[in-house]
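Subject: Two-chain model, handover

Hello,

Please find the model below, with the sequence. My notes on what was found in it follow.

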Amino acid sequence: MEKEIIQFTVSVYTENNIGLLNRISAIFQRRHINIESINSSASEIEGVTRWTILVNMTEEQMKKIIGQIEKQVEVIKAYYHTDEETIYQESCMFKIKSDLLFDERQIQNIIKESNARIVTVNKEFFVLEKSGRRNEIELLHRELSAFGIMQFVRSGRIAVTKDEMKITEMLAAFNN
Amino acid sequence: MIMETLTVKQKQYLKQPKERISGSEAIVRCLLAEGVDVLYGYPGGAIMPVYDELYKYQDKIHHVLTRHEQGATHSAQGYARISGKVGVAMATSGPGATNLITGIADAQIDSTPIVCITGQVPSHLLGSDAFQETDIVGISTPVTKWNHQITKASEIPEVMAKAFYIAKSGRPGPVLIDITKDAQFEEFDFQYKKCEGIRSYNPVPKVEDSKLEEAADLINNAKKPMIIWGQGVILGKAEEELKAVIEKAGIPSAWTIMGASAIPTSHPLNIGMVGMHGNYAPNVLTNECDVLIAIGMRFDDRVTGKLDDYATQAKVIHFEIDPAEIDKNVKTDVAVLGDSKESLAKLLPLLNANSHTEWLQKFKDLYAVEFEKVIKNDLHPIKEGLTMGEVLNEINTQSKGEAAIVSDVGQHQMIACRYAEFNVSRSNITSGGLGTMGFALPAAIGAKMAAPEREVVAVIGDGGYQMTIQELGTIFQTKVPVKIVVLNNDFLGMVRQWQQLFFDKRYASTEMTNPDFVAIAKGYYVNAKRVTKREELSSVVEEMMQSKDAYFLEVCVEKEDNVFPMVPSGASVSDIRLE
């Protein structure tokens, strides 16, 4: 089990400081591990940054890397989870020629069925936005590819965990 | 109660008068507040305002001008290693800063508390490829415990306080603070408060009683227990606690290179060094013990040899301050997190008094084998050429095991670690993890300055010596009375040994045509002698040890001697070779 390569979502709570991205990504780079996606955002706690990092590796390796991440002075806490232990999403955008919306009726069905949202439409192009799992986004991409995509972009994974991560308690403990 | 103290301290802090001073003066004032009496560095454009303040404060703080910034970091390391205090190095931006990197990386892997301060181009020029601009924060990130760039003078007190706190707390390490030149010039209201904690940083995990009980239970039931201690014992100032544990439980105890000297060499339960060139008995019996107790060590590959065959029969207990080290290389059965001093003190009463006489005898028997095959020939050779071992033996005799031995990297280092006699802790100063050739000469300078009452002997090979030989200039200028012994075999000896053993004697680029080292030392006005014959050795070593000034001794040793025992890389520790 420990030797099997699994997709992990790493959640890291940190201070909001310059250079931390470099410090955290260097931990993966040094071990020759590719980061599939990385997202930095605000967290539920004011002033605390939350990183969501998607990587593929064995659980044994994952545990060691979590140790190295937590060792960083400005890291408050790091966790790893499997897909089953998280609720996760990605978001993507498609820029497509507006003519196609009228010329290729099928596109309208694709939009409806995929639960994608039209963000803007003008004479030249329209923009579609879709949030969901990777396979839903990939399906939509495949379907739209047939008609031609002017631009495509997909965000990194963001995820919340089913279990609690007691960061607030940890920070409160420090203040006492 | 803690709240009350904090409140008092906060009150005191608030009462402190604020003074309007420049950023550069603030840096010097922060160093003074942290008890820094000496620092090592090299001036240059972007750090000049700080040097200007160091000039004004020279009666309070001694700046040592090394001859290369790498020397400054190694001196700071030597200072820290012998004293336990934070060493400080300073350099300018660009090449000055990049020259610090080797020493910083060395301090990182050997957990040495140093603070490096670098000047940086003015903040408005950051990222413009300005003269002598390098992204030193980016460059140093993977090799620092923490680093930070200051662009406003007002940040200086808090950042400097954090720098010292982080460098020395928990598992120590190097910190780099980069300060733009405009922040050095900027004036602000200075107030200093030492750092007492950082919310995202838990330097010393709490010792769990249940883990201690599990550990004690394993130890008490062990028939063949063995301890391997590392530098964590020295860093945690736990030498006495370790000795008490060893003696009460009667456990044969070995050490890693970084742990050397924590327990005197002559202690009956001290069974020597583990690892690639360690002693025969502890390496072989690592694969026979039933409980392996690792204390403040990290199972480096040079210690474990082939991991799959390392102590697989043993239950492993790991006392460790850094949670990331647990199960990193060797799977543990019981991990006791926490400070070594506290853990060992709490462990002691849980242990049963014991003496593993038969088990200890096994170590003695294997020592006898090693003595006959290796040690005898190293220390008391009958062949004509001088051995490195007999030089160490002579230094032991004359220093009565009281000297701090600062070694470089290579064959002489392994010989020094194997044969130096240590009666005092913090006496083996060497580049263990990084293996930095050129470490010893500048590290010896720092060590002697931090502990002027101690005899400091640098033992260096002819290769490593030439990597930082320019620090003879620092020795000459500061008159620091370090003793320098170069064991010259006209080879990069360790690489040559590997070439002999594993590359069919193809000595690619390992033979060195060396200069007249004695003449070079004399050129720096350092007393110097060369020994080529056995009969001269004792009297010249005596002359060196008696010297009140710095002294350089070159000993021309056998060119193609090898260091044994040896665990060939990739082999199991119990497949250690005696020849």
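Helix H17 of chain B is mostly covered, with 10 of its 12 residues buried. This is a predicted model, and everything here should be read as such. The buried residues of H17(B) are Met388(B), Gly389(B), Glu390(B), Val391(B), Leu392(B), Asn393(B), Glu394(B), Ile395(B), Asn396(B) and Ser399(B). The length of H17(B), residues 388-399, agrees with expectation, because 12 residues at 1.5 Å a residue should span 16 Å and the end C-alpha atoms are 17 Å apart. Just after the helix, Lys400(B) takes a positive phi of about 55°.

H4(B) has 15 residues and reaches 21 Å from its first C-alpha to its last, close to the 21 Å expected. It is mostly covered, 14 of the 15 residues being buried. Gly84(B) follows H4(B) and has a positive phi, near 80°.

On the nonpolar cores: the largest has 176 residues, and those with the most contacts inside it are Ala89(B), Val115(B), Val406(B) and Ala458(B). Leaving out residues up to four places away in sequence, Ala89(B) touches Leu39(B), Tyr40(B), Gly41(B), Ala72(B), Thr73(B), Ala76(B), Leu100(B), Gly103(B), Ile114(B) and Cys116(B). Another core, of 19 residues, lies apart from the largest one; among its members are Val55(A), Met62(A), Ile69(A) and Val75(A).

Next, the domains. Chain B is divided into domain 1 (16-190), domain 2 (209-362) and domain 3 (384-557). The C-alpha centres of domains 1 and 2 of chain B lie 37 Å apart, and 5 residues of domain 1 are in contact with 5 residues of domain 2. On the domain 1 side of that contact in chain B, the residues divide into 1 nonpolar, 2 polar and 2 charged.

Chain A is divided into domain 1 (5-87 + 158-175) and domain 2 (89-154), with 32 Å between their C-alpha centres. For chain A, an unreviewed UniProt entry lists residues 9-83 under "domain: ACT". That span is 32% helix and 45% strand, and its end C-alpha atoms lie 7 Å apart.

One residue of chain A may be worth a look on screen. Arg117(A) lies in strand S6 (residues 117-121) of chain A. It counts as exposed because it has 12 C-beta neighbours inside 10 Å, and 12 or fewer is the cut-off for that class. Arg117(A) and Leu171(A) are 54 residues apart in sequence, and their C-alpha atoms are 39 Å apart in space.

Last, the contact between the chains. How many residues does each chain bring to the contact? Chain A gives 17 residues and chain B gives 16 residues. On the chain A side, strand S1 (5-15), helix H1 (20-30), helix H2 (59-71), strand S4 (75-82) and helix H6 (167-175) each supply at least two residues. The residues of chain A that touch chain B divide into 6 nonpolar, 5 polar and 6 charged.

Regards

Conventions: Residues are numbered from 1 along each chain as its sequence is written. Chains are lettered from A and ligands numbered from 1 in the order in which they are written. This is a predicted model: local features need pLDDT of at least 70, side-chain atom pairs count only at pLDDT 80 or more; totals for chains, interfaces and linings use all residues. Two residues are in contact if their C-beta atoms, placed from the backbone, lie within 7 Å. Helices (H or I, at least four residues) and strands (E, at least two) are DSSP runs, numbered from the N terminus. Ala, Val, Leu, Ile, Met, Phe, Trp, Tyr, Cys and Pro count as nonpolar, Asp, Glu, Lys and Arg as charged, and the others, Gly among them, as polar. Domain bounds come from an automatic or database domain assignment. UniProt positions are given in the numbering used here, feature names are shortened, and annotations may be inferred rather than shown by experiment. A nonpolar core is a set of buried Ala, Val, Leu, Ile, Met, Phe, Trp, Tyr and Cys residues joined through C-beta atoms within 7 Å. A residue is buried if 20 or more other C-beta atoms lie within 10 Å of its own, exposed if 12 or fewer, and partly exposed in between; C-beta atoms are placed from the backbone. The expected span of a helix is 1.5 Å times one less than its number of residues.
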